[in-house]
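Trainee: I would like to learn how to read a few features of a structure, one after another. Could we look at one together?

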Amino acid sequence: MDQRQKQLLKLLDDNGGRLYALLYRLTLRYDVAEDLMQEMFIKLCDFKGFDDVKDLWPYARRVAINLAFDWRRKRANRFVGLDQVSESCSKEDGPVKKAVRQEQADRLLSAVSRLKGAFREIVVLRYLEQVSYEDIGKQIGKTPHHARSICHRARQQLRGMLSSNGSDGTGFGLEACNG
Amino acid sequence: MADMNEKEIIQRFKGLRRLTPDRDAAQAAVDKARAAVMQGAEMPKKPLFKSYAFKFAVAACLVAVCIAGFAFLTNDNSTVPAVVNETEVSVTGADADQVALVTEGKGSSLEARLAELEKLFAAGDIRGLLAMLDDADEKIKIAAAGMLAKIGGAEAIKRLTELSLAFNGKGDDPYMLSIAEIEDNLKEQQAAEDKPEEEAEEIEVDRSFDVEVIDKLTQEPVAGAAITLNCKFDGGKKPQNIKEISDAEGYCLFDLGTEKLTRITVYLNAPGYIQMKAQCYDKKLLASVSDILFEVEKGVDIGGMVVDEQGQPIEGVIIDLSRSSNNSQSKFAPFIRAMDTETGKEGRWRRRVVLDDLDKIYCRFKHPDYVDDRYSSYLSKKFDQDQLLAETTVSVMVKGTYVSGYVYDSEGNAVEGASVYEGSYYQDNELSTKTDANGMFEYLHVSRSSLFLTATAEGFAPYSNTFVVDSDADPFEIILDKGSVIYGRVVDKDGVPVEGATIRNDQGSEFVPVEWSAKSDAQGRFAWENAPTQQVKISASMKGYYSTNLIFKADSEKEHEFVLYPELVVTGKVYDAITEEPINNFKVIPGYKWSQDNRSLSYQDFPGSTWVKKFNDGKYDFTINRGFEAGLKVAAEGYVPSESRTLYPDEELAEIDFYLETMDAKTKGVVYDLDGNPVEGAKVYVSRPNRWLMFENLRDNNDQTKPVVTDKDGEFSFLPEDENYVIIVLHDDKGFGEVYSEDFQKSQDIYLSKWGMVEGEAYIGSKPAANAEIVVSFYKNHDPEHANYNFSHKFRTDAEGKFSAKQILPAGVTDGRLQIYRAVKKNDRSTSSVDSKTIEVLSGETTYVVLGGGGRTVIGKMLKPAGYSEAVIWSASSGNINAVSSGYPTDIYEQVYKEIEYPMPLGYDSMTVAEVLEWSQQWSQSDEGKDFYKEIQKRVEELNGGEIDRVNSSYNAVVSDDGRFKADNVEQGDYQIAITVYKIKDRWGNRDYNNPIGKSNFKFTMPEITDDNIDEPLDVGNVAIEAISKFAVGSVLPNMELNDYKGNSVNLGIYRGKLLLLNFWQLHSAVNESQDSEMDSIKQLHDKLAGNGKIEMLGITTGGMSMSFYDDLRPKYLKEKGITFKQALIKPDQNFYQMFGQMGWPNNVLVDTNGNVIGSGLKGQELEDAVAAELAKLTPVPVE
């Protein structure tokens, strides 16, 4: 087993679950998340610049984000059947609330996928993965200040996207899922 | 619905975070990924499943199938658990974010082993599966074989074959089936590997491009800056212009799309700041470029006025201000945009610039009705900074001289459409034009005293010559003829023709500046029709080969052969000399010997060098395709650089490993002022031995070495390139520091000495010298062991001739000079030194100095040598007005040299001359040697009856275009005007020191200087220039007398009737590699010609007055070289330059039977050919 494989197996041991969770949250589909997870590791196995990667976990996380949004872009049928929807909300949620949450999440992700590359990545790292600005800066080679600036502008753009289409699309108030 | 606020968006992300995947799903995904990784170990280029959508379940099914198959085969009805693997996924962490996976296998013995099998399979553990083939239980073996069939390789076949041979169950042999499947897989794999290797799949990352704008001074973000991004793409996509405004954080983000870029340009316009730009063409860089930082500056306004010679303002003058930048194509760094501006009606101009850039901004004035200010110079050099800021500069533009000329063919017909241009090849500048139908060309405004013009026309050979500009003279005449044809052939080292080599002519200053190039044909041949009749330098180059060049005069009959050697590829590895561990990161610096005469390689490791290559995997490969010799130097951080052996062009391949010694050196220091306070912002220059640093007004003049700047604690760190170095520290207020490496290793604290100050006044005659330039310069003696540096401080006097300067190098004795610009129309670069004094500048103290004022100006006019018909370019002369002293007591020195016995080194007889000379050089620097020379001086003074008259006042004479000359501040006394007038060597108007036209030998006396006459110039009238007898080709060798080594007379006249080859050599040749080898080739030539009664050879060297020591060395050297032809010395009282003119050493001069000089500056093959050609002329053609 070569060094690279050892590193990748360690990555799986330490953060495999977390990567899968991220892929799942970005695709909202178990099967896709699973496939993308494997695709990602196959790609990492063959990745030419592997030796230049200093810290594998943050790097893999960025790859996962990109793969997930690639999938979103490519996917022809944007309809998500309820059978593919996870048992997402907390146990107390009823099926209606679940559907609302699912739909909202999908709309949010669609909006995020329309952001520019760096914005998209940083927004996911910050708000979904809750990475500090400092660490985001380190990972993408920018200053924390810059990362904050991008987040700020990404939020503004998301706000525009999610509001400009008129209705929220779900027919339900936001509060429905936030409680 | 109403607009969402940003908080709500964050809430939505929180909602998304609450979606937590199912544990089992997570485990399955992780296992699948793990299998993919394991698979990567065996078949790195082939994914586990052709489609990864083929789920992990397949693996589980496979196990089930194998087990079912086994059950069928053995007719065993016992149930086998279909799924034996249970996974427990536990959620840990307060935010339920991390899904940790814990797997435990459990069950009975067979179950456990089957579970184990499945795990091994999932993990892709082939070795583990192979081990399971040794299980006692056939079920396990068959299951393992089935799994190996999917993921196993050749290593499984042997054991499976053994099992297959031993198999005696019913139905198909499961082992054989597994082998067949493995073999199929292997074949497929081989086929995949045999395919041309595809690029490994890159992980796609979106391309975005960030621009950040900050204020350079405050480092605060700059909002509202307009940024325009201009992108050019590979392929057909239209160039794109995107405009954005920087946000409150100073950022601006652009989407670059997915197309490949070929160029990116960023224009930045921030209100209140100077406009900037950045551009990148480099494809490699463009592929990875993601951001750029603009540090913008507010700048200051500068300006002034432009007037004509009558003082009237000129409108519409373009002031072209361009900042020299380090912006190379391989870098992507912002720079200040071109800053053209124009004068208005009042003749005034204004531009906003960065104050620190005044010494980086070139300034050039252009107007169609005036002489273009071609000699642009830096703003700081052209103008006074205070005047620039006050916008009170005044620039004068002149109309210049109208010049016209005609181009004819050899039959006198006008040549229409010929290009006539000044300087290098045809450029669209104001001195490039074409002839009209009458063959006429004209230049409306010329300010130069001479023009180096080249004319070219289709079907004619190009012609170049220098013309003297004179408004009263006739138009220039240029006659073009058909020229010659140059034939050449390019072959490789085995003589095989090389097709497609690029052939070019050199346009260097010694050659005709015309552009020509060709490619060699299938036979390696090329021809240049209508080639210049003057000497040409032609190079042949081809990828994969060393390029080569030849210098010759066109000769239609001869085919010149260009031999191309294959380029040299050097490979090797780099190790730590002690541990022998590989060093991964290092750089390789090539060194080249550009000419045969170079004694050492010149390593190309100057700052920003593109010759240097970096490597990061412990090995290197380097291609060398230039230089007479080459070498490689390897440098790695923390190690002493190491150099390779010499590499020669005929090697083709070389393998050289480097073993580097660690550098145990201190590389951090602290700079303190005299009070012991750390100094922030001091510039620290670390320079190598043998490298010159030149500072002008405390700035690195050549911008060669980048300083490191101390931080707020006065600290700095650096990476020494060599074990010996010097650290020079400059701080505008705090002072100067200098530390050598050996001292720095002992203490890393550097204390600065305060700058010195210089004040004073300057006069010309009795009048204050207003606005004169004062130069204080410190020239450090050249010292090959340490870094070398020069400091010059330049400043100006005020209207009262007073000057005051701080920040002067406190180096003790420095050289202070007063300079005043010469008012000539040529350009403002010529200066004449009026007075110079040696002054002492001490740290923290002010030195007061009065310059000039003691003498009168001398003027006069030079006249052409009698009978000299060509135009003389007077400005190509140099000279001094020298005080006549009682002279150097040659005879006394000669007497003393004879008396004193020069010490001989031990073992003199067995030493070579080179060794003796080197010993002597070292000895003269020793205390003993210094005492010896003091003793000589004492004895000379004793015989002279007092100190030697060292009155050697010398005044710089400047000569203007019409031959008038002027020297200021000449004091009372007797003088000789020593001005030498030269021909022009090249298109830059440089003097040809080998071709002096003549020299003045005029004497005059400056009478007593009184208050009445001090401001009145002394006109010495006409000064005749006497032609210099010299060994120019075409001149006649005079019948001069020399001495041989025994003191007998040798008259050069006795050689008439024979060919004569004069070989001028110097003893110094013994320590000069190339000159030494020239002596060898002269010896060989002599051997060849020995016995030929038609030619004589005579060696000539300067004997002068010298110590007996040298008298012994000359014959010793000749003996060493095996030279036996006659030798002569130039006598002590003979002035070599008066006899032979100025020439390079060594030199060979060929004189024909009538005493005419027919060749000079000949050596090597050229000399042999010339001699052979002359001898052939002397051989009577046999009559049949």
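Trainee: At what angle do helix H6 and helix H7 of chain B pack, and how far apart are their axes?

Mentor: This is a predicted model, in which local features need pLDDT of at least 70, side-chain atom pairs count only at pLDDT 80 or more, and totals for chains, interfaces and linings use all residues. Residues are numbered from 1 along each chain as its sequence is written, while chains are lettered from A and ligands numbered from 1 in the order in which they are written. Helices (H or I, at least four residues) and strands (E, at least two) are DSSP runs, numbered from the N terminus, and axes are lines fitted to C-alpha atoms, for helices over the stretch in contact, with angles running from 0 to 180 degrees between N-to-C directions. Here H6(B), residues 138-151, and H7(B), residues 154-166, pack at about 145 degrees with their axes 12 Å apart.

Trainee: Which residues make the contact between H6(B) and H7(B)?

Mentor: Two residues are in contact if their C-beta atoms, placed from the backbone, lie within 7 Å. On H6(B) these are B:Lys141, B:Ala145 and B:Leu148, and on H7(B) they are B:Ala156, B:Leu160 and B:Leu163.

Trainee: With which strand does S26(B) pair over 3 bridges?

Mentor: Two strands pair if DSSP finds at least two bridges between them. S26(B) pairs with S27(B), residues 517-519, in the antiparallel sense, and there B:Arg504 has B:Ser517 as its bridge partner. S26(B) is also joined to S29(B), residues 535-541, by 4 bridges, again antiparallel, where B:Ile503 has B:Ala540 as its bridge partner.
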